[in-house]
Amino acid sequence: MENRQDKKAQQALIKIVLITISSAVMAFNLKSFVDTGGLYPGGFSGITVLLQRIVYSIAGVMIPYSLIYLPLNLIPAYIGFKYIGKKFTLYSLYAVILTSLLTDLIPRIPITYDILLISIFGGIVNGISIVIALVAGASSGGTDFISIYFSEKKGKNAFNYILAGNIVILLLAGVLFGVDKALYSIIFQFTTTQVINLMYKRYEKHTFLIITSQPNVIYGRIKEITNHDATLIKGTGFYQGVERNMVYSVVGADEVDRVMAAIKGADPHAFVNVVKTEQLNGRFYTPPKE
């Protein structure tokens with residue numbers, strides 16, 4: 001019991017460290033690339049920056065980032081708490097609060113003044129910071145709550161759909177403060193989304209076709225690692241004319257390496273074909289967020 005509690009405490013500490021790193025990177029990105037380039041990062045961060053600049057252009061007062069960003073996250077946090085997971089939402093709120101405070105505290109740190117470099121590399125850094133939070137079991141807040149909600153509900157990545165919504169916000173910013181900034185901001189947001197799609201594999205699926213002499217053992221390993229089921233298909237090998245067993249199973253993309261290692265451990269002579277699954281209908285177990 002103590003070992004289990006120690007393991008949970010260690011996992012929680014690792015999550016806190018990763019979320020802290022994610023928040024620091026995101027705040028740094030906002031005060032270096034985004035602020036220097038005059039970009040709008042999309043989502044609730046973009047709305048916050050847009051409102052800051054509107055108020056500043058009218059009244060000459062720069063409202064602290066946290067005073068806008070934190071209240072905006074109350075409704076998404078409620079969605080996360082009710083429909084996604086309580087621990088996930090609490091970790092996400094920690095990320096939101098820390099990012100907000102660090103954004104207000106960190107001074108502006110220009111890395112480059114080339115607007116295209118800012119758009120591309122700022123988007124890359126932004127995407128990496130979001131992925132770190134997602135891997136740690138949290139989100140960076142705002143529309144990420146909504147993305148995760150629909151991704152969990154539909155079983156597929158919804159970040160591209162959020163990108164379409166962000167473009168509307170960015171075009172509004174373009175009307176108010178210049179189309180060129182809005183277009184560069186779209187490059188920034190597109191780059192962010194592609195980094196997330198490339199690095200975060202929770203909602204991708206792969207199909208295993210395994211020809212093996214140890215079907216029951218391999219099924220047991222798949223079930224133990226992924227909690228997914230499998231189907232045993234009997235067939236005949238043409239070369240030797242003997243009966244063969246093929247185990248068919250679909251697993252998450254983030255589980256492929258562990259499943260492959262388990263298969264090779266159970267049957268070193270197994271013939272394994274792994275195919276990326278483009279579409280899947282029917283029940284598929286996805287580990288729930290806590």
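The dialogue below takes the chain as a whole, then a helix, a loop residue and a cavity.

Modeller: This is a predicted model, in which local features need pLDDT of at least 70 and side-chain atom pairs count only at pLDDT 80 or more, while totals for chains, interfaces and linings use all residues. Residues are numbered from 1 along each chain as its sequence is written, and side-chain values use heavy atoms, with hydrogens and water left out.

Colleague: What helices and strands does the chain have?

Modeller: Helices (H or I, at least four residues) and strands (E, at least two) are DSSP runs, numbered from the N terminus. Here there are 11 helices and 4 strands. Buried means under 20% relative accessible area, exposed over 50%, and partly exposed in between (1.4 Å probe, protein chains only). Of the 290 residues, 43% count as buried.

Colleague: Which residues of α10 are buried?

Modeller: An α-helix has 3.6 residues a turn, so residues three or four places apart point the same way. In α10 the buried residues are Pro-215, Ile-218, Ile-222 and Thr-226. Viewed down the helix axis they fall within an arc of 70 degrees, so they line one face of α10; the arc is that of the directions from the axis to the C-beta atoms. Asn-216 and Glu-224, on the other side of α10, are exposed.

Colleague: What covers the buried residues of α10?

Modeller: The cover includes β1 (205–212), β2 (231–236), β3 (243–252) and α11 (256–266). After α10 comes Asn-227, with a positive phi near 65 degrees.

Colleague: Where does Glu-255 lie, and is Glu-255 buried or exposed?

Modeller: Glu-255 sits in the loop between β3 and α11 and is buried, at a relative accessible area of 5%. Contact means heavy atoms within 4.5 Å. Leaving aside neighbours within four places in sequence, Glu-255 is in contact with Thr-226 and His-228. Glu-255 and Thr-226 are 29 residues apart in sequence and 7.0 Å apart in space, C-alpha to C-alpha.

Colleague: How many cavities of 30 Å³ or more does the structure hold?

Modeller: On a 1 Å grid over the protein atoms alone, a cavity is a set of points where a 1.4 Å probe fits but cannot get out; lining residues have an atom within 4 Å of a point. Grid points are joined across faces, edges and corners, and a volume is the space filled by probe spheres set on the points. The structure holds 1 such cavity, and the largest cavity has a volume of about 230 Å³. Of its 22 lining residues, the closest to the centre are Gly-42, Ile-130, Thr-143, Asp-144 and Gln-189.

Terms used. On a 1 Å grid over the protein atoms alone, a cavity is a set of points where a 1.4 Å probe fits but cannot get out, and a pocket is an open set with protein on both sides within 12 Å along at least five of seven lines; lining residues have an atom within 4 Å of a point.
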